[in-house]
Amino acid sequence: MDKPVLDPIKLEILWNGLRSITDETFAALTRSAYSTNIKERRDHSTAIMDRSGRLVVQASQALPIHIASMSGLMACLLRKFGDAINEGDIFVANDPHTAGGTHLPDVNMACPVFADRQLVGFVCNIAHHADIGGIAPGSMAGGMSEIFQEGLRIPVIRLFRKGELQQDIMDLLLLNVRIPEERRGDYFAQIAACRLGSQRLREVLDEYTVGFVLSAFDQIIWRTEQRLRQVIAEAPDGVYRFEDVMDSDGIDTFDIPIRLTLSIKQDTVHFDFSGTAQQTPGNINVTMNATQASACYALKALLDPDVPNNEGILRVVEINAPKGTLLNASFPAPVAARAHTCQRIVDVVFGALAQALPERVVAAANGANTTAVFAGIDPRSGRHYLYLETLGGGIGGRPAKDGKDGVQAHITNTSNLPVEAIEMEYPLLVEEYSLVTDSGGAGEFRGGMGLRRVVRPVDHRCTFNGVGERFKHQPWGLQGGQAGASGRFLIRESNGETRRLDDKPAEVIVSAEQAIIVETPGAGGYGAPRNRSREKIMLDRISGKFSDAYIEEHYRRQPHHE
Amino acid sequence: MGWTLGVDVGGTFTDFYALNESTAEVHVGKWPSTPSNPARAILQGLDKLSRQHNIQLEKAVQLAHGTTVGTNALIQRKGGKVALITTRGFRDLLEIGRQIRPHMYDLNQDNPPPLVPREHRLELDERVSAGGEVLTAIEQEQLDELIGFISPDLDACAVCLLFSFLNPDHEQQVAQAIRKKTNGKMHISISSEVQPEFREYERFSTTVLNAYLQPVMTEYIEHLQHGVGAALPRAKLGINQSAGGLMSAQRARSFPIRTALSGPAAGVVGAVYVANTASRPNIITLDMGGTSADVALIRDYRADVAYEREVAGFPIRLPMVDIETVGAGGGSIAWFDRDGLLKVGPVSAGADPGPACYGRGGLQPTVTDANLVLNRLSTAGLLGGDMALQTNLARAAFEPIARKLSCSIEKTAEGVLGIVVSNMVRTIRTISVERGYDPKNFSLMPFGGAGPLHARDVAVALNMTEIIVPTTPGIVCAQGLIVSDMQEDFVISQRTLLDEGQTADALQIVAQLLQQARAWFAQEHVGTTNHSLELRVDARYVGQNFELEVPIAQGTALSPASLPGVDRLRELFFAAHESTYGYFNPEDAVEIVNFRLTARAGRVRPAAAGTSAGVKPAKPVREALREVYFEDDRPVQTSIYDRQKLIPGHVVEGPAIIDQLDTTTPIFPADRAEVDALGNLIIQIGGR
């Protein structure tokens, strides 16, 4: 692309205006959505794309994983509709195999914006719907083996045609999901956000000329690309390799390797995932654009956390992931639990770059997106309920600091649902919400700790579905740091005894006398435990985060230190 | 009638505003703050003001005080040592929070560590259900034993139990036991008193912060009362709250967290007062100082209230004047980001070294330097200031970035102002457009030292056509304090479905709130006149997890019957939903989550101090002429006026600069400013 021609002051002011639009539509979607998952947990994103489908601006609170879905959707949309895009159209899609999605519950919408009768760009949003149909409530359970089981597949289609709602399509969308009234509310919130965004973008186009705005789009992308290339050029050239292993696909495949050869040469970076496992029957598969999003996240986090999120980043990241493998799955691969694999891609990139950037990387995080879904019939109202939550865990030890305890890692940052909100909303009782003792891997800077939640149904039987990862292959440490604890699902019987469940349990019946215990993985430590300071060890002990036995085992001093 | 005094303590200056309620005589003053003991500057400043203007302090009836003692203790982590008692299984909740990271991509940014270390968080076997019933009762023996574990060197204890907002018995039982065991020597904050609302993390966090501030605030208030008692024996002390309105010193000691946003809230209350004097009900405020700018929205002479905000990295859930802050001030520094774009702020040169033109060693170009380069600021500095500004230093600071941009220094300075303005515009959009209000229906009211300098560009960017510059823009906060009411906010959190069967419950709750308000009026000795009450509910569609505030009734005396029937309540909710989100669904079930009552004990309002403007005064006389850059590449000959010499009825046509003690106001070419009957400067933006 050309050298910058636009005045950097004017560009900064326009860019500020575009960021305002994505932030405003993000807030509007938060407020007007119906479901807890969007309103309270903010599992959604908004963006502006240019007319060739390139991402220009994303809301400041947008989720890293959503960057890919939007670009994927645009590519398919432009291929399919080309010149037949009209003012007043709103497109909807979710399918990973034909519409650029990453899993079915993430429903994308795109609304074209015109000025001077020409297409200028699109305002897009994406929202994680709490259910999209399929065999399991919440559409996120493990054990599903085909995309068809995971819910309703929506190719890129028009939900609005020249301003008119296609009611037939809306009826079809709603008939295929659980709790349709909530879904309807969320769809309309997404539609309202589209309309608001297109109105705002038109206001910007009125203020500037179309030509200026279009070249500003180019500039934004170009400048971001240059910025990222500059920091890559500062990293040492070399070829770096790393491998990690996923626990299972939830059906019949275990110990699934992800292999990466990462090359940095001057201002280019190439990710080669050859040697990674074939796609699996279970639903931890990832489509190419989600792999891309994960690699982009990792690079950005390590090299330049404040680099803007747009196509400029995607242009830098070159990826080879052979078709038909875990990280570039083909139809009809199921993908609902792809977030676990995405988290692991980030760990693998960090592992590879530990050799190149030891002063920046962090040890393995909880590497999962531990999912717990409780569903049943509320005995008070006789109505179906569905409570879905993804739980955080540890983030790895860092070059100069301990890891983080009990937070969402890397590609997601959704908040939890308050205990009081859960109990008021659903016939469930939360007995405990805490950090898992001894779960952070030992090290000079220890790994972060996992979360523990104990939930039981009140006065009824419910079903529990879960997806866990790093429940077997622990989060590894770096530079001599030790691995953190793995996670687990348990059921507590009426006599108080606990029994371990599968790592991806499906349709477990839980009675009012039983309880489900979720423990998420901790994270790996950084640096040798023998270098941990006395003060830190003392705090580990006093705070009760680590048991005396653990401290004795991992931090026992060598005689000459005594 | 005697004097009413407003005192606002800021980081650099303590501002005073004195009003004689019978003669409407007003005096203002500034005194350097004494951060180690803010009470000292208050007493010294009052002494000076009283001698200067012959104010008889012993006849002062009220001292209204905005304080940053609590805010600063939070930011500097200088509060007390706190223990926490919570429900078994939940001691980590304070640490887990909402399980989110403060920055999506930055691996090294962390949430602040909890103010109560884990070893001081104690768990008690007890449980209340989502319906408010006791599932597990407290065993007294275990409770006593647990209290024995509270380390004796701690100052305060927060008591935070699940569902205490529905049933406070357990929290009260724990508080009682602590009081007994420590002979009342320990400060205690219980969550059902601090903020009895649902969502445990925010409630617990607010309560812990309150406990953390109790020792500091108690010491400060005792100190202040001691000094004030001697100097102003008849004055009642009122402390400004983040929600606007005053509370008694006693309540400030019990609920110090309510002062966390005391200072900026006073500014907005002052702005509401000015809005009244100018008869402009709808205002967007822009309070811009050296490092940041606060913006707020006023509708129908009322500031919007928000219920959640972060202070010093911790969430607080309490009613607070809805203020957004952006790192844009006179000291904000211009710099190039890695992608070659020019940015301004949030880093500020502060007061020391300050902008380059101060000549105190600052070398980086700031917003103030840009204003000086464009001659919008006088080289003499602010009127009455003793610090001259040096244009050559400002230009030198701009030289490198101008060269990099291949622009003139003036053009670069204009660009820097454009960017700082776009940052403020973006923030104003979050409190206006993002909430469904179009700024063009509002007037912009700039204050603080730097507000009036940038108001015009902000207004134009938001399609606003009118700017109101208060008489003393640097002292609006202190001014707000003297017109504040005593105020208390009550809340009862109780999910109530809006159908016929539930109305009895709702009436019962409103009766309870009114009872609480009556008790407060009696306790605070606020007399029986000028009471006002305002009833609101937070309601939502069943299944939603996000409430809307719905105003229900207001008046001097409400009764449970002020709560209308279910149909009317639903209608009110639909109207609020429509205005906020643009739609509503008349079929869906609606529930109330919180019932809120605000009680105010009004103060006697002073008569407007207007000079009758029956006769048009002669044209104002300019002090000087100077070449000033406005929107063109060339400077224009511009008249300079002294605000103090402008009187009601005076009209100033742009281009002009109006200087005054605490700020500078440029009047752009084709704009027109008129001084209204009360001395406010009303600027109409021309040619738009």
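This passage describes the fold, the packing, the interface and selected local features of a predicted two-chain model.

Residues are numbered from 1 along each chain as its sequence is written, and chains are lettered from A and ligands numbered from 1 in the order in which they are written. Because the model is predicted, local features need pLDDT of at least 70 and side-chain atom pairs count only at pLDDT 80 or more, while totals for chains, interfaces and linings use all residues.

The model scores ipTM 0.92 and pTM 0.90. Where pLDDT is low, the predicted coordinates should not be read in detail.

Chain A contains twelve helices and 20 strands. Helices (H or I, at least four residues) and strands (E, at least two) are DSSP runs, numbered from the N terminus. The radius of gyration of chain A, 24 Å, is close to the 24 Å that the globule rule gives for 562 residues, so this chain is as compact as a globular protein of that length. The radius is taken over C-alpha atoms, and the rule is 2.2 Å times the number of residues to the power 0.38. Along the principal axes, the C-alpha atoms of chain A fill a box of roughly 75 × 60 × 40 Å. Of the 562 residues in chain A, 62% are buried. A residue is buried if 20 or more other C-beta atoms lie within 10 Å of its own, exposed if 12 or fewer, and partly exposed in between, with C-beta atoms placed from the backbone. Among contacts in chain A with a separation of 6 or more, 75% join residues 24 or more positions apart.

Helix 1 of chain A (residues 8-32) has 25 residues and reaches 36 Å from its first C-alpha to its last, close to the 36 Å expected at 1.5 Å a residue; the expected span is 1.5 Å times one less than the number of residues. This helix is mostly covered, with 20 of its 25 residues buried.

The largest nonpolar core has 354 residues, of which A:Val349, B:Val82, B:Cys157, B:Val208 and B:Met424 touch the most other members. Such a core is a set of buried Ala, Val, Leu, Ile, Met, Phe, Trp, Tyr and Cys residues joined through C-beta atoms within 7 Å. A second, separate core of 27 residues includes B:Leu533, B:Tyr541, B:Leu563 and B:Leu569. Not counting residues up to four places away in sequence, B:Met424 touches B:Leu286, B:Ala293, B:Val295, B:Val326, B:Ala328 and B:Val458.

Between the chains, 50 residues of chain B are in contact with 54 residues of chain A. On the side of chain B that touches chain A, helix 12 of chain B gives the most, with seven residues. The residues of that side divide into 20 nonpolar, 13 polar and 17 charged; Ala, Val, Leu, Ile, Met, Phe, Trp, Tyr, Cys and Pro count as nonpolar, Asp, Glu, Lys and Arg as charged, and the others, Gly among them, as polar.

Helix 13 of chain B (residues 451-461) has ten of its eleven residues buried, so this helix is largely enclosed by the rest of the structure. Its buried residues pack against elements of chain B including strand 13 (283-288), helix 10 (367-373) and helix 12. B:Asn463, which follows helix 13 of chain B, has a positive phi near 60°.

B:Val537 is placed in strand 24 of chain B (residues 531-541) and counts as buried, with 26 C-beta neighbours inside 10 Å. Beyond neighbours within four places in sequence, the contacts of B:Val537 are B:Val550, B:Ile552, B:Ile592, B:Asn594, B:Phe595 and B:Arg596.

Most residues other than glycine have a negative phi, and most peptide bonds are trans. A cis peptide bond, with omega about 0°, joins A:Phe331 and A:Pro332, and A:Pro332 is in the loop between strand 11 (317-320) and helix 9 (338-353) of chain A. Another cis bond joins B:Gly654 and B:Pro655, also with omega about 0°. A:Arg117, not a glycine, has a positive phi of about 60° and is exposed, with 6 C-beta neighbours inside 10 Å.

Technical notes: Two residues are in contact if their C-beta atoms, placed from the backbone, lie within 7 Å.
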